[in-house]
Amino acid sequence: MISRRSWLAELIFVSFSLLLLIGIGLWNGYPATTLLPPVLLYLAWHLYQLYRFSRWLERPKRNRMPWAIGIWRSICATGSELRERSRKHKRRLRSMLDGFQESTDALPDATIVIDDHDRIEWWNSAAAELLQLSGRSAKQMSIDQVIQDPIFRRSFREQDYTKPLQIPAPLDQSITLEVRIVPYGKGKRLFQARDITRLQQLETVRRDFVANVSHEIRTPLTVVHGYMEMLSEAEDEALQPWHQAFVQMHKQSLRMQRLVEDLLLLARLESSRGLDAQGPVEMEPLLHAVREEAEGLSGDNGHQIETELDTEVNIRGSVNELYSAFSNLVNNAVRYSPAGSCIRMRWGLRQGQPCFSVSDSGIGIDQEHIPRLTERFYRVDIGRSRQSGGTGLGLAIVKHVLTRHNGHLQIDSEVGKGSTFSCYFGETENRGQRAEDRGLSA
């Protein structure tokens with residue numbers, strides 16, 4: 001910065017010069033004529049120095065620095081210092097940017113920087129290879145011109161960046177990409193695409209293996225279950241010593257049969273892209289069938305199953321899949337609720353969305369377990385789950401059914417007080433009807 005000493009020296013010089021000129025003017029009788037030319041010359045000198053200084057700042061390599069005389073010595077020294085400091089700062093930033101670009105360029109995932117006008121600003125070598133980006137023309141393109149998948153375009157247009165998308169590669173439909181967009185800065189976004197074809201193939205192999213094994217086991221298991229049922233109900237006195245063993249074997253074969261059926265259903269839900277027999281679903285007969293199944297499962301336990309139903313609210317979907325999801329939720333409530341307790345099924349609009357909920361007064365679930373409840377074979381209490389006859393696949397089936405119906409599952413539970421499982425759906429079949437909650441409490 002310009003020192004106070006330099007300003008003081010310039011002020012002393014100007015003051016002394018003015019006093020001297022005023023004295024000479026008073027002596028010769030022409031103070032104004034004596035004072036005006038030196039002042040104009042002084043101002044012209046500084047204007048000329050300003051002109052040279054500004055040209056030097058703009059193009060320091062082509063223009064010389066102003067003469068370092070008087071106050072300009074301090075000004076030029078400060079300018080040189082600031083310019084050198086700026087040059088070092090730029091070199092440091094350029095080094096950091098080059099390092100960032102080199103590290104990003106080395107990433108195996110395709111990475112693209114998108115500006116606030118949705119245009120491509122920068123990409124790494126993986127993106128150039130995967131999406132065939134090259135030349136200046138690519139920088140003028142919008143990202144939805146490169147990736148024309150309708151799912152991606154809709155998500156990008158709606159700025160829905162919460163979940164990664166799985167889409168086919170633009171140049172090779174056999175390649176599956178997992179795409180994620182991360183907003184940063186002022187309107188900029190980071191686009192990342194990962195090739196998950198291998199993972200998808202492994203998942204397909206796993207799913208096919210489970211489905212094939214379950215299918216092959218079902219036939220012999222049906223035979224074994226039939227014989228066990230016959231032996232457990234036989235009244236032959238010679239078989240009485242083995243009666244208890246036959247009963248236990250029959251129960252276990254029944255449990256295995258349910259497990260195989262759930263595995264086959266889950267494999268079918270995972271492998272099927274579209275809904276089976278999609279159409280308007282009448283909820284009243286569907287929930288009546290679910291209630292009858294739950295009452296049969298309750299048996300002598302005497303659970304009180306209450307139903308609150310708004311018949312005006314219906315959705316489109318697969319009746320069989322929705323029945324599987326709803327019955328799994330209600331049957332779980334029966335299995336984990338005390339005998340004689342109340343289980344409430346509700347159907348109607350909640351928060352403007354069709355919602356099916358099941359509330360019980362059972363043992364409840366600790367909050368740490370809730371995020372993992374929809375995983376396959378995840379059990380909060382392994383011993384109690386097996387004793388109740390559950391397969392560990394019910395909530396996984398519910399999750400897949402809701403995903404295929406554009407819905408989601410919400411779980412609210414408190415240990416010792418019970419749980420509420422709520423299935424929210426995207427839209428109603430009769431949209432024109434009232435949108436307020438119909439008899440559903442939160």
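Reader: In which helix is the place of Arg94?

Author: In this predicted model, Arg94 belongs to a positive surface patch, together with Lys88, Lys90 and Arg91. Arg94 has a relative accessible area of 47% and is partly exposed. The element that holds Arg94 spans residues 71-105 and is helix 3.

Reader: Which residue of strand 5 is the bridge partner of Ala110?

Author: Strand 1 covers residues 110-114 and strand 5 covers residues 188-195. These two strands pair in the antiparallel sense, over five bridges. Within strand 5, the bridge partner of Ala110 is Ala193.

Reader: How many residues lie between strand 4 and strand 5 in their hairpin?

Author: Strand 4, residues 176-184, pairs with strand 5 in the antiparallel sense over eight bridges. One of the bridge pairs joins Pro183 to Arg189 of strand 5. The turn of the hairpin includes Gly185, whose phi is positive at about 60°, and the number of residues between the strands is three.

Reader: Is Arg189 buried or exposed?

Author: The side chain of Arg189 meets that of Asp118 in a salt bridge, at 2.7 Å from N to O. Because Arg189 lies in strand 5 and Asp118 in the loop between strand 1 and strand 2, the pair ties together parts that are 71 residues apart in sequence. Asp118 is partly exposed, at a relative accessible area of 26%. For Arg189 the relative accessible area is 6%, and a residue under 20% counts as buried, so Arg189 is buried.

Reader: How many residues apart are Glu121 and Lys188?

Author: The side chains of Glu121 and Lys188 form a salt bridge, with an N to O distance of 3.0 Å. Glu121 is in strand 2 and Lys188 in strand 5, so the pair links distant parts of the chain. Both residues are partly exposed, Glu121 at 31% relative accessibility and Lys188 at 29%. Their separation is 67 residues.

Reader: What is the distance between the closest N and O atoms of Arg372 and Glu375?

Author: Arg372 is partly exposed, with a relative accessible area of 39%. Glu375 also counts as partly exposed, at 33% relative accessibility. The two residues form a salt bridge, and their closest N and O atoms are separated by 3.0 Å.

Reader: How many salt bridges does a search of the whole structure find?

Author: Some residues are linked in a network of salt bridges, namely Glu306, Glu308, Arg344 and Arg346. Another salt bridge is that of Arg372 with Glu375. Over the whole structure, the number of salt bridges found is 14.

Note on methods
Residues numbered from 1 in each chain as written. Predicted model: local features only at pLDDT ≥ 70, side-chain atom pairs only at ≥ 80, totals over all residues. Heavy atoms only, no water. Patch = residues over 30% accessible without salt bridge, like charges linked within 9 Å, V, L, I, M, F, W, Y side chains within 5 Å. Areas by Shrake-Rupley, 256 points an atom, 1.4 Å probe, with all protein chains shown as cover. Salt bridge = Lys/Arg side-chain N within 4 Å of Asp/Glu carboxyl O. Lys, Arg positive; Asp, Glu negative; His and termini not counted. Charge placed at Lys NZ, Arg CZ, Asp CG, Glu CD. Helix = DSSP H or I, 4+ residues; strand = E, 2+ residues; numbered from the N terminus. Buried < 20%, exposed > 50% of the residue type's maximum accessible area, 1.4 Å probe, protein only. Pairing = 2+ DSSP bridges.
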